[in-house]
Each structure stands twice: as structure tokens, then as C-alpha cells.
Amino acid sequence: MGKKGKEKKKGRGAEKTAAKMEKKMSKRSRKEEDDLEALIAHFQTLDARKTKITETPCSPPSARLNASLSAHPEKDELILFGGEYFNGQKTFLYNELYIYNIRKDAWTKVDIPGPPPRRCAHQAVVVPQGGGQLWVFGGEFASPDGEQFYHYKDLWVLHLATKTWEQIRSTGGPSGRSGHRMVAWKRQLILFGGFHESARDYVYYSDVYAFSLDTFTWSKLSPSGSGPTPRSGCQMSVTPQGSIVIYGGYSKQRVKKDVDRGTQHSDMFLLKHEEGGEGRWVWTRMNPSGVKPSPRSGFSVAVAPSHQTLLFGGVCDKEEEESLEGVFFNDLYFYDATRNRWFAAQLKGPKSEKKKRRRGKAEEHTGASGQEPGPAGASGPLEVVTEVVAEDGTVVTIKQVLQASGPVGPSLSEDEDSASESCSPRVQPCPRASAMLAVKHGLLFVYGGMFEAGDRQVTLSDLYCLDLHRMDEWKALVEMDPKTQEWLEETDSDEDSSSAEGAEGGDEDQDEDSEESDEEQEEEPQHPEVAPGEQSMDYLARTEQHWLRLARDNLGPDPKEKKVLKVAQAMAKTFFNDSAQRAAKASSEVEGQ
């Protein structure tokens with residue numbers, strides 16, 4: 001009894017602390033929000049120039065994260081809205097609307113008068129009413145320097161049939177926030193959690209709101225039971241039984257002045273509506289079985305055709321005293337609410353035709369040795385020379401010395417052949433966080449997101465697809481070219497510029513050393529090999545310093561760092577592609593034996 005009373009008292013204390021923090025934060029952030037409101041108003045003035053709906057076929061959208069990607073309820077289309085991009089110096093926010101036609105594999109940019117202001121980390125939910133509606137709530141706007149934030153508390157609906165935006169003005173809704181989660185439940189929108197951050201303070205939420213799609217009114221729910229602690233970025237999904245699952249998320253708390261500690265939650269809760277009790281909800285703690293995702297934040301969520309919830313990617317931040325390093329993921333998990341069980345996705349791989357290929361090659365080369373014609377007894381090294389042209393016209397030569405392969409041995413057995421195939425590069429999204437997910441007709445689409453390479457943030461613009469019925473292999477619909485990724489980094493002094501990855505300006509001593517080493521060394525540099533199954537973006541991130549050094553050596557004294565980066569990326573990409581082609585050729589030759 002005494003313990004129960006203490007728990008209640010502790011709960012009330014936590015609520016009071018959160019309320020005080022929110023009030024304190026509100027006062028401090030009022031001024032900076034006023035400044036940002038003026039900037040938002042400026043952008044809205046620009047948007048007001050749009051007087052008619054225009055649909056323009058276009059190339060795939062630019063790189064971004066924290067946007068929303070939603071499946072059209074009636075058409076074979078995906079809807080991309082908002083998002084953000086950071087180039088190392090400036091933050092860009094978007095309120096662009098793109099439509100992706102799945103069957104035609106084509107993008108269209110749709111300009112509609114009176115759109116919502118630019119934002120990211122909002123929530124978008126599609127409902128089938130009225131030919132399809134996309135409901136958008138909240139999100140954030142950031143100043144160009146990324147130091148100030150404005151959190152929206154507005155609600156918008158995009159009428160998909162007429163392609164018109166409408167702002168729904170209703171009192172009693174959630175406070176301004178981003179990182180919250182929202183789902184469609186019966187004829188309501190249910191919203192949970194999120195956070196509000198200013199330059200000095202922040203607060204995380206665990207409140208629950210419901211918006212009626214019939215009366216267009218907000219109501220705050222007060223579920224009984226012990227629910228989740230305040231958090232943002234969690235998984236929120238509706239079960240086949242009509243309950244709502246909350247999993248994971250992220251929050252931070254101040255442990256002392258100017259020192260925060262982040263928490264990556266891995267607990268799970270069920271929010272259930274009690275039958276017969278209008279407006280009565282109850283929280284229940286859950287303990288699912290199976291193979292659970294490792295602790296992480298920034299993961300993405302979608303719902304599979306079987307009503308299972310998908311969880312993709314994310315990042316696990318490892319905090320040290322003065323540093324923060326993240327391990328990014330590209331794994332996929334399923335949560336089956338019916339069995340309350342997690343599953344790690346296992347891809348079957350493409351159907352193999354190696355037997356057919358081997359039989360065809362054998363018939364074609366009957367009586368032949370199976371070797372390609374070439375110099376008899378060739379065993380010396382082979383020098384491969386490739387010219388790389390960067391996007392600014394700079395021409396750089398890459399030389400690589402390859403050792404000739406030995407005599408061709410007997411044909412591989414089926415097991416060895418399978419092992420050889422498994423070592424070939426496999427198409428898959430690179431590890432990332434804050435990506436956009438959507439499922440349509442049993443196809444899972446993954447777009448954009450970000451990962452970190454040292455001090456550099458790489459924002460993605462690629463698009464991948466996975467058939468959830470076959471679960472065989474990923475398909476790359478839009479591949480990202482690393483050289484299109486702009487990164488501008490400022491340094492505090494010229495002395496620090498040499499140690500800052502991607503920084504503007506170079507180290508003169510380093511250039512002089514490079515020149516001297518060019519004169520002293522006559523041997524060609526050995527380039528880092530491409531690992532089996534490694535993707536181009538992963539290879540670039542792993543070997544970036546090698547290619548930067550090589551680019552500086554080729555460009556001569558005092559090159560501009562921006563040019564060095566472009567040339568380095570072009571060289572790395574060329575080497576990666578050449579290596580992949582050689583590996584594919586070697587594999588086909590082996591299969592022909």
C-alpha cells in the first residue's frame with residue numbers, strides 16, 4: 001500500500017516537473033520564435049505568388065531527411081512532402097510536394113496555392129475519405145544557422161482528389177512540437193509524444209490527443225495505467241485488434257549545466273480503448289518475444305500488408321564525455337502484434353540460374369579449354385589506367401596495378417558457386433537514419449535519410465524497393481551519386497583546417513609534403529579494395545581520406561578544398577565501378593568453365 005502511494009506521488013511529481021519545464025521554456029523561446037515567425041511569414045509571402053495548380057514532370061527530389069512519404073489510398077502513387085537538408089553551413093527546409101508514380105517510375109512536382117509553411121519532422125497520415133486525404137500536423141522550422149527552432153501546432157489537410165491544401169483551425173489541440181507520432185484510428189487521428197526545443201531548453205511529451213474527422217475537434221485523452229515516459233521518434237502503429245502500440249523512441253535530460261544525457265528507449269506499451277467506456281483508454285506495458293531490434297533512435301516505420309509493423313534502420317549513439325559517435329543500421333524488423341513477437345527480416349536472394357548458365361556454357365564450349373584467349377603464360381602484373389573527369393571539367397588519371405590471375409582450376413561445385421555468388425556486391429540501402437518509408441501493394445519503399453562520415457553529414461536522395469511477399473532482394477530505383485553531395489565546413493582558424501574533414505582551405509605543409517613524396521616515390525599508389533557486398537556510398541565513406549590525399553597530389557599546390565572533394569569523389573566512384581565490372585567479368589568467366 002505504501003509503495004503504491006509512493007508510485008502515484010512520483011508520477012504527480014514528474015508531471016509537475018514537466019509542466020514547470022514547459023512554462024520556463026515557453027518564456028525563453030518566445031523571442032526567438034517571434035524572429036522565426038517573421039522568416040516564416042517571408043516564405044509564405046513567396047508561396048502566395050502561386051495562384052494555380054501546376055504539375056511538372058521532374059527528376060527525383062533532392063536529398064533530404066525527416067520528410068513524410070505516404071501511399072495514396074486509391075492510386076499507385078507515393079506522396080512526398082517537406083523535409084530538411086544541411087550542407088555543413090546552412091539548413092534548408094522544404095514544403096515541396098512530389099508525387100511518385102510507381103508503375104511509370106516517374107516523379108511529378110505539384111505546386112498548389114496556399115501550402116503549409118516549410119517544415120520537417122512533422123507527421124502525415126492518409127485516410128480514404130473524399131477521394132483520399134493527407135493530414136499533416138506539427139513539425140519544426142529552423143533558422144539557416146540551425147541555432148533557433150520554431151515548432152508548429154497547425155493542422156492541414158491535402159485533398160488528393162482536387163489537389164488543394166486546407167488549414168483546419170480547431171482549438172484544444174497539442175502544443176507546438178516535432179518528432180511526435182500520429183496514426184489513423186477508426187475516424188480519428190491519434191497523436192502521441194514529441195518534443196519542443198529552443199536555443200536554451202527542451203521538453204519531451206508523453207501526452208495523447210485525438211482529432212475527430214467527423215467534427216474536426218481536438219480532445220486530450222487521459223489513459224489510465226502506467227504509460228510511456230516522455231519521448232519522440234517512437235514507433236506508433238495500430239494493431240489488427242484495434243489497439244495502438246508504442247515502441248522505443250528517444251529523449252534526453254539535463255544532468256548538470258550544459259550537459260545532457262540521451263536515452264534510446266526500447267520499451268513497448270499498448271494503448272487500448274475500453275469497450276463500452278466512451279473516451280476511456282488504458283495503458284499496458286508489453287514484453288514481446290522474438291528477435292528484438294537493438295537499441296536505436298531515428299528508425300523508420302511502416303505497416304506491411306499482413307498488418308505487421310516494419311522497422312528499418314536508425315542509429316545507436318555512443319556518448320562519451322566530449323564526443324558523440326553513431327552506429328547506423330540498414331536492417332529490417334517485423335513486429336507481429338497478433339503474436340506479440342519480433343522477427344528479423346531475412347532476404348532469400350534472387351532465384352539462381354547458375355545451373356542453366358553452366359549447362360549452356362558447357363554446350364557452347366564443348367572440347368574447348370574454357371579459357372579466354374590471351375597471351376600464353378601471362379603471369380606479369382597488369383596496369384590499368386583510367387581517366388576521371390570531375391563535374392567541373394578537371395581531368396585526373398588513376399593508375400592501378402593488378403596481379404594476373406593464376407591458371408584456371410576445375411569448375412566450382414554448386415556449393416562453392418553459391419558461396420561465390422553470395423560474395424558478389426548486393427544491392428541494398430546503405431545504413432541510415434531518419435529515412436522515409438511507405439508500403440503500397442506489398443512493396444516497401446525507402447527514400448533518403450542520412451548517415452555520418454566523421455564530422456560530415458551525408459544526406460541521401462536514393463530510392464529503394466523491396467517486395468514484401470517475395471522477400472528476395474532490394475531494387476535500386478534511384479541511386480545517389482556521391483559527387484552531388486555538397487558539404488561546406490567552416491574552421492575556426494587556418495591551423496585547424498588540415499585536421500577538419502571537408503573543411504575549406506588546405507594545409508600548405510601537407511601540399512608540400514605531397515609534392516615531395518611524388519618526387520621521391522616512383523611506385524603507383526595502391527588503392528583500397530572494394531569489400532565483398534560493399535555499396536558505393538559505404539566504400540566512399542570508408543576510403544574518403546585516401547582519395548582526398550590522392551586528389552590533392554594530382555591537383556598540385558594550393559588546391560581549393562571544394563575542388564579536391566569533387567575530384568576525390570569522382571575518382572573513388574570510377575575506381576568502385578571499375579572494380580565491380582572486373583569482379584562481374586571474373587565471375588562470369590569462372591561460371592563458363
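I began with β18 and strand β19 (residues 244–256), which run antiparallel and are joined by four bridges; I count strands as DSSP runs of E with at least two residues, numbered from the N terminus, as are helices (H or I, at least four residues), and two strands as paired if DSSP finds at least two bridges between them. The model is a predicted one, in which local features need pLDDT of at least 70 and side-chain atom pairs count only at pLDDT 80 or more, while totals for chains, interfaces and linings use all residues. Residues are numbered from 1 along each chain as its sequence is written, and side-chain values use heavy atoms, with hydrogens and water left out.

Within this pairing I noted that S237 has V245 of β19 as its bridge partner, and that Q235 has Y247. The two strands form a hairpin with five residues between them, and G242 in the turn has a positive phi of about 95°.

I then followed β19 onward to strand β20 (residues 259–273), to which 11 bridges join it in an antiparallel run; one of the pairs is Q253 with R261 in β20. This hairpin has two residues between the strands, and D258 takes a positive phi near 65°.

Looking at the whole sheet, I found four strands in the order β18-β19-β20-β21, an open sheet with antiparallel pairing. β18 (235–238) and β21 (281–286) stand at the edges with a single partner strand each, so one side of each is left without a neighbour in the sheet. Neighbouring strands of this sheet are turned by 35° against each other on average, direction ignored, where axes are lines fitted to C-alpha atoms, for helices over the stretch in contact, and angles run from 0 to 180 degrees between N-to-C directions.

Next I searched the whole structure for salt bridges and found 18, taking as a salt bridge a side-chain nitrogen of Lys or Arg within 4 Å of a carboxyl oxygen of Asp or Glu. In one of them R119 pairs with D154, the closest N and O atoms being 2.8 Å apart. R119 lies in the loop between β7 (106–111) and β8 (123–127) and D154 in the loop between β11 (149–151) and β12 (155–159), so the pair ties together parts that are 35 residues apart in sequence. Both R119 and D154 are buried, where buried means under 20% relative accessible area, exposed over 50%, and partly exposed in between (1.4 Å probe, protein chains only).

I also looked up D260 and R254, a salt bridge with its closest N and O atoms 2.9 Å apart. D260 is partly exposed, with a relative accessible area of 28%, and R254 is partly exposed as well, at 39%. Salt bridges that share partners join D47, K50, K109 and D111 into one network.

Leaving aside residues up to four places away in sequence, H441 touches D76 and H469, a contact being heavy atoms within 4.5 Å. The side chains of H441 and D76 are joined by a polar contact of 2.5 Å, that is, a pair of N or O atoms within 3.5 Å of which, within protein, one must be able to donate a hydrogen and the other to accept it, residues adjacent in sequence counting only if both atoms are side-chain atoms. The C-alpha atoms of H441 and H469 are separated by 9.6 Å, the two residues being 28 residues apart along the chain.
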